[in-house]
Amino acid sequence: MTSDALPLDPANPFARASDLPYGLPDFRELREEHFLPAIRAGMAEQRAEVEAVATDPAEPTVENTLEALERSGKLLSRAASAFYVQAGADSTPGLQAIEEEVAPLLAEHSDAIWLDARLHARVEALAAALEAEGAQLAPDTAWLLHRTRTRFARAGVGLGPQEQERLRAINAELTTLDATFGRRLLAATNAAAVLVTDEAELDGLPEDARAAAAQAATARGHDGAWLIELQLPTQQSVLSLLRDRGLRERIMTASLGRGAAGDENDTRSTLLGMVRLRAERARLLGFEHHAAYVAADATAGSAQAVEDMLSQLAPAAVANARAEAADLENALQADHPGSSLEPWDWAYYAGRVRQERRALDEAELRPYLELERVLADGVFLAANRLYGLTFAERHDLVGYHPDVRVFEVFDADGSGLGLFLGDWWTRPAKRGGAWMNSLVEQSTLLRDAPVVVNNLNVPKPPPGEPTLLTWDEVITLFHEFGHALHGLLSDVRYPSQSGTNVPRDFVEYPSQVNEMWAWDPEVLRSFAVHHETGEPMPEEWVRTLLAGRQDGEGFATTEYLAAALLDQAWHRLTPQEVPADPADVVEFEARALRAAGVDLRTVPPRYRTTYFNHIFCSGYSAGYYAYIWSEVLDADTVEWFTENGGLDRANGDTFRARLLARGGSVDPLQSFADLRGRGPRMEPLLTRRGLLGAVAR
């Protein structure tokens with residue numbers, strides 16, 4: 001690796017470990033200009049540390065090889081983790097420029113380590129010596145050795161010089177395209193926001209949501225208007241509320257068209273370049289295609305196993321969606337005789353049908369789902385009942401944006417466990433979706449406690465007004481906090497095994513399990529309280545909400561599977577099969593959905609190709625199937641909790657010890673087996689999704 005990094009200025013906040021609690025980066029002092037020098041210096045420092053390991057004349061040991069590698073790169077970790085948290089949630093043109101500059105440098109840096117033949121030989125010599133001695137390593141150390149050897153192999157250390165040179169070029173270009181895709185998608189999503197100038201079009205939108213839309217419009221220079229900002233998925237939450245069909249169509253059209261407008265924010269040429277390079281890299285590394293490369297290192301084991309599962313579920317899901325569509329079509333006719341059901345109608349009429357059948361209007365739920373109450377008496381309450389955790393807001397600590405809130409997390413014995421940062425509201429500088437990051441990863445080797453971040457994209461209300469959530473946003477809050485718990489409750493020695501450092505098709509499992517507590521009657525009754533009157537949600541509403549949990553599963557499963565199958569279709573191509581013309585992206589997508597049997601006109605994929613952030617910018621390439629794969633484990637685990645008494649401290653302690661605390665320190669499926677006493681079964685998932693009988697047939 002080449003580097004022109006200069007010694008880091010001592011005045012740079014990254015030049016020393018943070019002296020704030022738990023190593024929280026000092027965002028009061030951090031400035032945009034601090035990131036690039038610190039990242040460059042961090043790469044140079046780690047390269048020197050790794051060089052010392054590779055050239056160590058002593059015989060390789062766990063301590064001077066594996067643990068030395070684990071200790072390396074502290075400066076780079078401090079700088080890069082803070083940078084990517086800020087760049088994702090509060091970006092600026094300057095941060096975007098830095099990201100595009102450092103992306104290929106970081107790829108080069110990683111290749112310099114994992115393609116180092118000397119370092120690889122040292123690790124192999126260590127493995128051979130341990131085997132010859134019959135050494136019994138601790139389970140986490142044995143797994144670290146296994147994973148380190150696997151990482152070298154998957155990085156291409158066994159390739160010849162010419163192939164390695166091409167591989168390095170591919171990796172550098174891919175990281176640049178990744179950053180470009182993210183920048184363009186953020187701009188395209190902001191540009192696609194729908195401006196409303198006639199308030200009559202907002203019929204059905206609650207007053208608090210109107211106020212948030214008016215505030216968003218004013219922030220962009222449109223006083224007296226309302227701006228509907230887009231969320232990342234195809235479906236937009238306001239579509240379930242708006243009565244004006246024309247406005248619903250405008251919003252859906254704007255959502256579906258992101259990244260394909262032929263302007264400077266068009267993502268098609270970028271994503272085609274990524275697909276082509278990934279396919280070429282997979283071939284270099286000896287795999288048929290990128291999907292095979294990804295699955296081989298996941299719990300799925302093979303692309304065929306992924307295909308078998310998705311293709312097994314799709315027909316039954318589509319059949320359920322068609323049956324749901326027939327009901328919605330009937331409801332549509334009452335308002336628009338002779339009209340056909342369209343994608344922008346689905347959410348609205350699904351709500352209407354649900355209201356008629358169950359006497360429950362989602363808009364009426366929102367006053368009972370206030371963010372502060374859901375957080376304190378829902379998310380935090382469940383964590384307390386399960387794990388004994390308590391939370392105290394630290395007003396003396398600040399995040400990367402004024403909206404970020406910092407909580408200190410205490411364990412059951414009162415000892416400090418780590419920090420949790422919450423960033424709930426949407427803004428033009430934040431990428432879409434919801435996610436979890438780690439600013440500091442737990443490690444007993446490095447004596448680091450965890451610092452984790454949750455991001456959502458909930459519309460921000462005017463000052464002094466409450467943040468009222470939809471039920472889907474409540475579920476998202478619990479889901480992302482499940483990721484946070486995976487990081488906070490990690491109890492491992494090695495930082496590379498901390499928390500969510502597990503296979504992509506396992507990482508969603510604990511977060512999906514945590515969603516169950518939003519549905520738990522005790523927890524639900526605790527947080528579902530009217531934000532003005534303090535009255536609990538009417539008991540019949542609670543019962544109806546719980547009884548309707550399977551409502552719309554045909555739609556939900558189909559739109560998800562369409563996206564997962566689309567991801568697989570792109571990543572099963574050879575380099576020669578990737579379309580050359582960006583204009584062909586839409587046609588390829590249509591053919592792929594038809595071939596998979598999920599091309600329902602009224603149920604577009606949860607993400608279309610041009611704004612599929614997960615697979616082109618967030619590390620889920622050929623891995624979006626992970627959600628349903630993880631849900632097999634999740635549904636089975638929910639059954640385990642239910643069998644053992646549900647929201648109970650003993651259950652929480654068991655789940656924590658056997659799964660959450662272990663992070664990636666053992667084979668993840670072994671963790672599941674230790675919890676469940678056997679391997680996973682699919683029946684609980686099929687029952688949950690309303691697919692059991694259909695799939696069995």
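Asp674 is partly exposed at a relative accessible area of 29%, and Arg662 is partly exposed at 24%; buried means under 20% relative accessible area, exposed over 50%, and partly exposed in between (1.4 Å probe, protein chains only). This is a predicted model, in which local features need pLDDT of at least 70, side-chain atom pairs count only at pLDDT 80 or more, and totals for chains, interfaces and linings use all residues. Residues are numbered from 1 along each chain as its sequence is written, and side-chain values use heavy atoms, with hydrogens and water left out.

Asp674 and Arg662 form a salt bridge, defined as a side-chain nitrogen of Lys or Arg within 4 Å of a carboxyl oxygen of Asp or Glu.

| Pair | Closest N and O atoms |
|---|---|
| Asp674 and Arg662 | 2.7 Å |
| Asp203 and Arg243 | 2.9 Å |

Arg688 belongs to helix H27 (residues 683-688) and Glu631 to helix H24 (residues 626-643), so their bridge ties together parts 57 residues apart in sequence. Helices (H or I, at least four residues) and strands (E, at least two) are DSSP runs, numbered from the N terminus. Glu631 is buried, at 6% relative accessible area. Asp203, at 37%, is partly exposed, as is Arg243 at 45%.

Arg447 lies in the loop between strand S6 (435-440) and strand S7 (451-458). Its phi is near 60°, a positive value in a residue other than glycine, and Arg447 is exposed at 78% relative accessible area.
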